[in-house]
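Hi everyone, thanks for making time. Let's walk through one structure together, starting with its helices and ending with its ligands.

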Amino acid sequence: MKKALHFGAGNIGRGFIGMVLCDNGYHVVFADVVPSLVEQLAAAGSYRVITLDTEIETKEVAGVRAVLLGSQACREELVDADLVTTAVGLGNLVHVADVLADGLQRRMQRNPEPMLNVIACENAIRATSTLRDLVYERVDHEVRTWLDGHVGFPDAAVDRIAPNRDGYAVEPLDAVVERYFEWDIEQPAVRGELALSGATFVRDLGPYLERKLYLVNGAHAAAAYAGYRRGHQTVREAMQDPAIAQLVADVQEEAAQGLTSAYPDLTLSGLRQYANTVRTRFLNPHVVDHVDRVGRDPLRKLAASDRLFGPLRLTMAAGRKAPALTSAIAFALSYDNEQDESAQKVQQMIQEHGVSQAIAQIAGCTDETVVASIVREYERIQGGIWNGTAS
Ligand SMILES: NC(=O)c1ccc[n+]([C@@H]2O[C@H](COP(=O)([O-])OP(=O)(O)OC[C@H]3O[C@@H](n4cnc5c(N)ncnc54)[C@H](O)[C@@H]3O)[C@@H](O)[C@H]2O)c1
Ligand SMILES: O=P(O)(O)OC[C@@H](O)[C@@H](O)[C@H](O)[C@H](O)CO
């Protein structure tokens, strides 16, 4: 039986990647940093995925094991794994890289011939490439040469809403997910054979990845940050607020305009259809997804290449204005959730240096016109007079 080592036994790890791998006949070994989660998974050897839709479907993912990240057992799992995946959060890839660097050296010494693929399933531009670079930094020339020939690092885009489980009557290991899913993997970087039913193999991931990050996650972020500010608890509640529903649709339209200029194969009508489906998903009455999960870590979400400044850059490069993305960025900067450490860092930067400096520091954006528009929207939000994007 093929074996997959998956880092991150959280919502998307259990609810999406683990399930697809199991459906493809992999024996799945989860590696996580939370000892209690690892113990529970290891003891149970299985968990359930509950699909939230008009029909609630419960499916068992059986025959799984679990190891603690960094343990000897975890490093040893790499020696004969057939596939490695991650869903740990972009900032945590550095810790996965430490383990991969060590485990892959063991593999080079003891099981060098079989090809291996490593796929990071994180919401970011080319997260697998980021992970590969982190691994390469940690090994010497001999290992790098072996990695070049035997280990593929294909980039991927993953899409499935896997909310937190609070509010659902579920068992401790249950994962809850929407029915929809999409997993796109860049074929040219794959080493050896990799067949995964449920995944789509594409020649160039760029358009798939940016379409997903901007039209799903950018829109999601807009709904969450505006929703938080306007007192909504969940994404669905936020989407039922007409001003936010319009903001989200406008964010998608601006991003779509930018995407069609950057990727001639993407059509505006195709992107509009995709965007409509995304908004319907956000309104799914069976999914309770809190704005604080979707808005988590605004420092990451406000980075230059991420879901808000990424499409803004494309739209501006296409010579178009982006008032809705500007509002969404201003809402992200206004996100002062005390439970979110990253939000608190953003607030501290704003307090210490002002909004313009915070934008420069976080997103590297110093374009005076862009910064001035964001600041104007930020002030409207702070003043409580935002009731729709200024045109
Ligand atoms: N939840 C979603 O709807 C969704 C959908 C698509 C993609 N994603 C992406 O998947 C990733 C995980 O998101 P999530 O919602 O599952 O988060 P989560 O917090 O539910 O799960 C993350 C898991 O990773 C573990 N972890 C953290 N650092 C680790 C490390 N170094 N090694 C091993 N495990 C580690 C955590 O303990 C946790 O169990 C993120 O990059 C997210 O953007 C999430
Ligand atoms: O996971 P994040 O923090 O990058 O983004 C929050 C949500 O937008 C995200 O988890 C979506 O639910 C998911 O990407 C849908 O595929």
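At roughly what angle do the axes of helix 7 and helix 14 cross? They cross at roughly 55 degrees, and the axes come within 9 Å, with helix 14 covering residues 323–333. A word on terms: helices are DSSP runs of H or I with at least four residues, strands are runs of E with at least two, and both are numbered from the N terminus. Axes are lines fitted to C-alpha atoms, for helices over the stretch in contact, and angles run from 0 to 180 degrees between N-to-C directions.

Before going on, please remember that this is a predicted model: local features need pLDDT of at least 70, side-chain atom pairs count only at pLDDT 80 or more, and totals for chains, interfaces and linings use all residues. Residues are numbered from 1 along each chain as its sequence is written, while chains are lettered from A and ligands numbered from 1 in the order in which they are written.

Back to our pair. Helix 7 passes helix 14 in a left-handed crossing, where the near helix is turned anticlockwise from the far one by less than a right angle, and clockwise would be right-handed. On the helix 7 side the contact uses A221, A222, Y225, A226 and R229, and on the helix 14 side A328, F331 and A332. Contact here asks for C-beta atoms, placed from the backbone, within 7 Å. These residues divide into 7 nonpolar, no polar and 1 charged. Nonpolar covers Ala, Val, Leu, Ile, Met, Phe, Trp, Tyr, Cys and Pro; charged covers Asp, Glu, Lys and Arg; the others, Gly among them, are polar.

Helix 7 (residues 206–229) also meets helix 10 (residues 268–282), with axes that come within 10 Å and cross at roughly 40 degrees. These two helices are therefore oblique to each other, and here the crossing is right-handed. Helix 7 brings R211, L215, V216, A219, H220 and A223, and helix 10 brings L271, Y274, A275, V278 and F282.

Now, which helix gives the largest share of the shell around ligand 2? Helix 7, with 3 residues. Among the residues around ligand 2 are V216, N217, H220, D159 and R296; a residue is near if its C-beta atom, placed from the backbone, lies within 6 Å. By class this shell has 3 nonpolar, 3 polar and 4 charged residues.

The domain assignment gives domain 1 (2–203) and domain 2 (207–382), with bounds from an automatic or database assignment. The shell around ligand 2 draws at least three residues from each domain.

Last stop, ligand 1: 27 residues surround it, the closest being G8, G10, N92, E122 and N123. Helix 1 gives the largest share of that shell, 3 residues. By class, the shell around ligand 1 has 16 nonpolar, 8 polar and 3 charged residues.

Technical notes: Parallel < 35°, antiparallel > 145°, perpendicular 65-115°, else oblique. Contact = placed C-beta atoms within 7 Å.
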